[in-house]
Amino acid sequence: MTVILETDATQRALLQAMLHGSAGVGSVEDLSSNIQDNPHEFAVVIGPSITTQDATAFAQWARVNRPDLGVILLRDTVDANALSLALRSGMREVVQSKDLAGITTAVQRARSVASAIGQTMLGEVQAAAEQAKARLVAEAEAQRVAEEGPQGKLFTVFSTKGGVGKSLVAVNTAVALAQQKHRVCLVDLDVNSGDVAIMLQLSPSRNVNDLVSFRGGIDEGAIESLLTTHSEHLSVVAAPVHLDSPDQATADEIGQLLDGLKAMFDFVVVDTSGVFDDQALAALDRSDTIILVGTLDIPALKGVKLATSTLDLLNFARESWSFVLNRVDAKVGLTQAEFEATLGLKADATLVSSREVLAAVNRGEALVSAYPGNQNSKALTTFASTLAQAHASAAGDPVAASGRKASRLRMRKG
């Protein structure tokens, strides 16, 4: 339908008589109301009595809000200024007001253009709807596969005190699990001073910060490109070798990486920086077990106490914690019993001072591989076996499985 905007009643009536089925209005306000009430209008004819300013303003509005609406400007004289005005404001055509045949033809062209634009817009809407539907179906299928398929377990090794053997525990737990024929990935999230690659004598070509290059598209193929193979059953995602990395992976990218690794491996062991940074929190949020590490001294006790207090505040259930106490043979006036009583935690594994620990590190081998008969190697192997058995039992327990699902939906306090 066509709307005629013309203040002169005689001229408006003449145009209405010529354009059968058209509606006539005498003001811009009435035109706006008509357009809002009739979304299927395809042409507006602006008569010669309408000012240039009003005609331009409406045409500019229509160009943005109703691109299918053809605005036809009538002028007593069609000159370069009128044509320039139409071009700048987005009018469809300029016709001489006395050219009745030209006006009719312009309206017919506006109808054709509006129909073509409408079909295009409908096609775009339908295509967008189909894409959205396909995306929702794909996401639902991916979620179903993730929930029904096997999910690996993630262990995060953490301590707020440096030098307590955190990386030693992470590396040897991962290697011990791999020696037991589990598929294991060891992730070094200490992006400033990670030692995992050095401790395993690896020269990785890619590291965790290369997640940035995938621009959020972190699928299984992307993750595989970051893996460095250590042995048949153990892969490593290394920390950056240099401190001058131009980009650093975000917490969201780290989260996508860890979620993907849990779908690809039986166990994922994460070594952290020792602070509650975004990377550590991304790992802690996805952890099935949080492994705390300390040594038998007051600064380490303070550090582990700080870590446990913070984990409590963040609502991480203590049932998911394990505790490894290193260098328990040190004669420093603080006993293991006093340490455990202060923390309210019992050590799940204890390690002693040993020259072979440093010797293994200098050789670029895991202690459990280089010195399997060492007391610490046996303790770490037993610790890894206990973790694996505990989660294997939980996997077959419907109640435990339900609890794990609920834990992923846990809300943080505060």
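**Labels and the values behind them**

Asn315 sits in the loop that joins α11 to β12. The model is a predicted one.

Q: What makes Asn315 partly exposed?
A: The class covers values between 20% and 50% relative accessible area. Asn315 has 26% relative accessibility, so the label is partly exposed.

Q: Why is Arg215 called exposed?
A: Exposed means over 50% relative accessible area. Arg215 has 78%, so it is exposed. Arg215 lies in the loop between α7 (196-199) and α8 (220-226). Its phi is positive too, about 50°, although Arg215 is not a glycine.

Q: How do you know that the buried residues of α12 line one face?
A: The buried residues of this helix (residues 336-343) are Phe339, Glu340 and Leu343. Viewed down the axis of α12, they fall within an arc of 95°, so they line one face of the helix. In general, an α-helix has 3.6 residues a turn, so residues three or four places apart point the same way. Ala337 and Ala341 are exposed on the other side of α12.

Q: What covers the buried residues of α12?
A: The cover includes β11 (289-295), α11 (298-313) and β12 (321-326). Just after α12 comes Gly344, with a positive phi of about 75°.

Q: Which residues touch the most other members of the largest nonpolar core?
A: They are Leu186, Leu200, Val269 and Ile291, in a core of 42 residues. Helix α6 (residues 166-179) gives the most to this core, with nine residues. Another core, of 22 residues, lies apart from it; Leu257, Leu258, Val270 and Ala282 are among them.

Q: What makes Leu200 a contact of Leu186?
A: Contact means heavy atoms within 4.5 Å. Beyond neighbours within four places in sequence, the contacts of Leu186 include Leu200, Val269, Ala170 and Val237.

Q: How do the axes of α9 and α10 lie?
A: The axes of α9 (residues 251-264) and α10 (residues 278-285) come within 9 Å and cross at roughly 35°. The crossing is right-handed.

Q: Which residues of α9 and α10 meet?
A: From α9 come Ala251, Ile254, Gly255 and Leu258; from α10 come Asp278, Gln279, Ala282 and Ala283. By class, this contact has five nonpolar, two polar and one charged residues.

How values were computed. Residues are numbered from 1 along each chain as its sequence is written. This is a predicted model: local features need pLDDT of at least 70, side-chain atom pairs count only at pLDDT 80 or more; totals for chains, interfaces and linings use all residues. Side-chain values use heavy atoms; hydrogens and water are left out. Buried means under 20% relative accessible area, exposed over 50%, partly exposed in between (1.4 Å probe, protein chains only). Helices (H or I, at least four residues) and strands (E, at least two) are DSSP runs, numbered from the N terminus. The arc is that of the directions from the helix axis to the C-beta atoms. A nonpolar core is a set of buried Ala, Val, Leu, Ile, Met, Phe, Trp, Tyr and Cys residues joined through side-chain atoms within 4.5 Å. Axes are lines fitted to C-alpha atoms, for helices over the stretch in contact, and angles run from 0 to 180 degrees between N-to-C directions. A crossing is left-handed if the near helix is turned anticlockwise from the far one by less than a right angle, and right-handed if clockwise. Ala, Val, Leu, Ile, Met, Phe, Trp, Tyr, Cys and Pro count as nonpolar, Asp, Glu, Lys and Arg as charged, and the others, Gly among them, as polar.
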